[in-house]
Amino acid sequence: MRMWLLVLFACLPVLGAGAQPPPVPPRQTVAFVDVHVLPMDRDRVLAGQTVLVEDGRIVAIGETLPLPPQTQVVDGDGAWLLPGLADMHNHLDGRQDMAVQLALGITTTLHMGEARNSFVGRTRAAVAAGEQAGPRSFVALAVDGSPRYGHLVVRDADDARATLRVAQANGYDALKLYNTLSPDAFEALMAEARAAGLPVVGHGVTEVGLQRQLEAGMALVAHLEEFFYAFFPPAPDDDPNAAPDPAQIEAAVALLRAHGTPVVADLVTYRAIAAQWGRPDVVAGFLHRPEARYLPPQFRVSWPAQGYAGREGSLDRRVAFLSGFVRALQAAGVPLLSGTDAQDIPGLVGGFALHDNLDALVEAGLTPYEALVTATRAPGEFVHRHRPDLALSGVVAPGARADLVLVRADPRDGLATLRQPLGVMADGRWYPAGDLAARLEDVARQYRAAADSALDLPPAAGGGDGPARWRSGQP
Ligand SMILES: [Zn+2]
């Protein structure tokens, strides 16, 4: 008995720290004192500031501010305060994914299709109500012309009308177009979406092309690489992985500028695909990276089964082309929004992939400040254009939503500091570093426990091709 007690007590601190995530902090009046602010409206710093937050909004910024009684003071001690980050193309809908993203400074996401209904209707409402920790999520309903990629099929104007009704009834924020829509279905969807006030985002539709899609008012191109499939001349048959002629970039820039259309600058997505193209060993390596602790266990099964590792040739020329493309878009002032496609594509772990994308943008030639804009101000402006009823986000300014990240160093000198925030504020709720670490550890513990319990399952009675209990008809 005494022995057991000793063991129990020895374990308690560990269990206590890891068994449950901390409760979601309440919205409070919070003052960040002695912080350098990167407001992200332009490339400047406000040194030695106090930033006051009340009821989920930034209410004042100044060198000295009168603080209301009961203000919770966060002593920045010269740390750097900037807007929370946004991942504007992902497919993350797990409760754990929400905690991981928050811990990495992400306070806004755009889910680009195939979210579970429980996420659309319930999980994100729980986040908004402060019952669960995570970023604010916008969700797009993915539609296509065939069931080939697993999306909802829209064949004609009748389907388009019904689809918009379903999208609105279920609280979707946008429609996401996929590759095989017919031109008729495309035009009907655009008309219905316009009437409903729902923005349309998407891939290039093969039979329509980005030129017409942008003319028709598509609000956002979902990947940089869509221009390979629906704008630039196709690669020759004898060299299918060839990159377009860089001279074609000018026309793409002109098209985007003419319509003021932003692009998801997801360099990390195509780079991940290129890295694993014909390389099963690379996919196996992804599962041994440190961030794989935070990858939901089902992706350990689905990633190695994805087709890219079985492909032939190399995408290196296209990767190099996209770097030049993104530089040209940046130089021309086309709004770029960071996105990742996590975690359907092997190698892209939610949250971590956004930081990898920012690094990739810097490698391609953007400054760290320009890269930061793609994950702060530019997504904030995109959201504001389509939802002017919501508080502005992506900047640190009076009246803006209180989504903030506190980091040790000036991220313009190196983005690595963003990967380990001193704290994150989401919708006015303050999560200090210790709280975030506990949430991350809780997720890793849950995934480890799931893997361990799967290994402990007894063999199915009766053998054969499945668990006997399922076959006997038990629920
Ligand atoms: Zn996607």
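The protein is divided into domain 1 (18-84 + 394-445) and domain 2 (85-393), with bounds that come from an automatic or database domain assignment. Its mean pLDDT is 92, and 92% of the residues score at least 70; pLDDT is the predictor's confidence in each residue, from 0 to 100.

**Before you start**

- Residues are numbered from 1 along each chain as its sequence is written.
- As this is a predicted model, local features need pLDDT of at least 70 and side-chain atom pairs count only at pLDDT 80 or more, while totals for chains, interfaces and linings use all residues.
- Helices (H or I, at least four residues) and strands (E, at least two) are DSSP runs, numbered from the N terminus.

- Two residues are in contact if their C-beta atoms, placed from the backbone, lie within 7 Å.
- Residues 462-475 also have a pLDDT below 50, with seven contacts beyond near neighbours in sequence.

- The centres of domain 1 and domain 2, taken over C-alpha atoms, are 27 Å apart.
- Domain 1 brings 34 residues to the contact and domain 2 brings 37 residues.
- On the side of domain 1 that touches domain 2, strand 4, strand 15 (423-426), strand 16 (429-432) and helix 16 (433-456) each supply at least two residues. Helix 16 gives the most, with five residues.
- That side of domain 1 is made of 19 nonpolar, four polar and 11 charged residues. Here Ala, Val, Leu, Ile, Met, Phe, Trp, Tyr, Cys and Pro count as nonpolar, Asp, Glu, Lys and Arg as charged, and the others, Gly among them, as polar.

**The nonpolar core**

- The largest nonpolar core has 140 residues, and those with the most contacts inside it are Leu81, Leu175, Leu189 and Val396. Such a core is a set of buried Ala, Val, Leu, Ile, Met, Phe, Trp, Tyr and Cys residues joined through C-beta atoms within 7 Å.
- A residue is buried if 20 or more other C-beta atoms lie within 10 Å of its own, exposed if 12 or fewer, and partly exposed in between, with C-beta atoms placed from the backbone.
- Helix 13 (residues 352-364) gives the largest share of this core, seven residues.
- Both domain 1 and domain 2 give residues to this core, so it lies between them.
- Leucine 189 is in contact with Val143, Val154, Ala160, Leu175, Leu177 and Val200, leaving aside its neighbours within four places in sequence.

**Strand 1 and its partners**

- Strand 1 (residues 30-37) runs antiparallel to strand 2 (residues 46-54), and five bridges join them. Two strands pair if DSSP finds at least two bridges between them.
- Strand 1 runs parallel to strand 4 (residues 72-83), and seven bridges join these two.
- Valine 37 has leucine 46 as its bridge partner in strand 2, and stands opposite leucine 81 in strand 4.
- The loop between strand 1 and strand 2 holds methionine 40, which has a positive phi of about 70° although it is not a glycine. Methionine 40 is buried, with 22 other C-beta atoms within 10 Å.

- Helix 9 (residues 267-276) is mostly covered, with nine of its 10 residues buried. Among them are Leu267, Tyr270, Arg271 and Ile273.
- The cover over these buried residues includes strand 12 (263-265), helix 10 (280-286), helix 12 (316-331) and helix 13.

**Loop residues to look up**

- Glycine 130 sits in the loop between helix 3 (117-128) and strand 7 (136-144). Glycine 130 counts as partly exposed because it has 17 C-beta neighbours inside 10 Å.
- Glycine 130 touches Val24, Arg27 and Arg429, not counting residues up to four places away in sequence.
- Aspartate 427, in the loop between strand 15 and strand 16, has a positive phi near 55°. Aspartate 427 is buried, with 21 other C-beta atoms within 10 Å.
- The peptide bond from alanine 342 to glutamine 343 is cis, with omega near 0°. Glutamine 343 is in the loop between strand 13 (336-338) and helix 13.
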